[in-house]
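Please examine the sequence and the fold shown below. The explanation that accompanies them leads through the model step by step.

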Amino acid sequence: MRRSTIRPLSSMGGYAVDPWQSVRRTLGVAACGWLAAMLTALTSYLALRWTWVPISVGVVLCLAFVVALMLLHRAAWIALLSAVPGLFILVGAVQYAPELALEVRGVRESVVIVADEAAGTGGDNHRYTLRTADGAELTERLTYNGSAWAPEVGERLDVIRDPEGVVPMEQADEVDAAGRLGGLGAGLVAWTLMAVLAGWRGHVRRRKGRTDSLLLSL
């Protein structure tokens with residue numbers, strides 16, 4: 001028979017759970033959240049040419065934090081709530097480095113869209129050919145995924161491009177490194193508060209002996 005690692009307390013009607021162990025678990029989970037964000041941001045900086053690399057790393061690390069939070073809390077609902085700030089963290093950590101690079105060394109151009117590779121195909125993966133004010137056609141294409149608010153041929157807009165060709169070109173009004181950093185920070189604050197809440201509620205649940213179900217427990 002499997003022995004329980006939680007000792008019953010006859011005087012309190014509950015179970016003996018070391019509060020310092022719960023504190024250490026809480027700090028560990030909160031640290032995992034911060035580490036996930038920093039590693040994703042570092043990967044984004046080191047792999048500016050390949051956006052899919054930090055996205056993949058960030059998704060895996062964010063999912064690891066969500067699982068750790070669920071185990072700490074001994075319930076699943078807070079893990080679902082953590083997905084919202086997790087999205088802010090993922091976007092901020094992935095986009096901060098390339099957008100900062102564009103702000104620091106990027107060249108701003110006023111352009112007009114002269115062609116779209118997705119035109120007439122019904123596709124949502126747009127690759128725009130751009131022409132500058134002096135009539136020169138840029139070799140780099142502006143990409144846009146999606147149909148909502150997609151620019152159209154003939155439309156004029158401002159873009160920022162990397163003269164070194166490392167960071168993909170972006171529309172000027174979408175480059176906001178400070179905003180990405182702010183979203184990342186807000187997400188981390190939310191994750192930290194959730195870890196504290198999960199640690200406290202998990203400690204209470206363990207004292208009550210409610211450690212069986214992760215998905216059905218509230």
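The model is predicted, so to speak of local features requires pLDDT of at least 70, side-chain atom pairs count only at pLDDT 80 or more, and totals for chains, interfaces and linings use all residues. Residues are numbered from 1 along each chain as its sequence is written, and side-chain values use heavy atoms, with hydrogens and water left out.

Five strands form an open sheet in the order 5-4-3-6-7, and their pairing is antiparallel. Strands here are DSSP runs of E with at least two residues, helices are runs of H or I with at least four residues, and both are numbered from the N terminus. Two strands are taken to pair if DSSP finds at least two bridges between them.

Strand 3 can be followed in detail. Five bridges pair strand 3 (residues 107–116) with strand 4 (residues 125–132) in the antiparallel sense. Within this pairing, Asp 116 stands opposite Tyr 128 in strand 4. Strand 3 is also joined to strand 6 (residues 156–161), by six bridges, and these two strands run antiparallel.

The salt bridges come next. Side chains of opposite charge can pair when their charged atoms come close. A salt bridge is counted where a side-chain nitrogen of Lys or Arg lies within 4 Å of a carboxyl oxygen of Asp or Glu, and the count by this rule is six. In one of them, the side chains of Arg 105 and Asp 162 meet at 2.8 Å, N to O. Arg 105 belongs to helix 4 (residues 83–105) and Asp 162 to the loop between strand 6 and strand 7, so this pair ties together parts that are 57 residues apart in sequence. Arg 105 also forms a salt bridge with Glu 164, with the closest N and O atoms 4.0 Å apart. Glu 164 lies in the loop between strand 6 and strand 7, so its pairing with Arg 105 in helix 4 ties together parts that are 59 residues apart in sequence.

The three side chains can also be described by their accessibility, where buried means under 20% relative accessible area, exposed over 50%, and partly exposed in between (1.4 Å probe, protein chains only). Asp 162 is buried at 4%, Arg 105 is partly exposed at 28%, and Glu 164 is exposed at 54%.

A further salt bridge links Arg 127 to Glu 117, the closest N and O atoms being 2.8 Å apart. Arg 127 lies in strand 4 and Glu 117 in the loop between strand 3 and strand 4, ten residues apart. Arg 127 is partly exposed, with a relative accessible area of 35%, and Glu 117 is likewise partly exposed, at 49%.

Finally, the cysteines may be considered. A disulfide is a covalent bond between the sulfur atoms of two cysteines. With the criterion of a pair of cysteine sulfur atoms within 2.5 Å, the count comes to zero disulfides. Cys 32 is partly exposed, with a relative accessible area of 40%, whereas Cys 62 is buried, at 12%.
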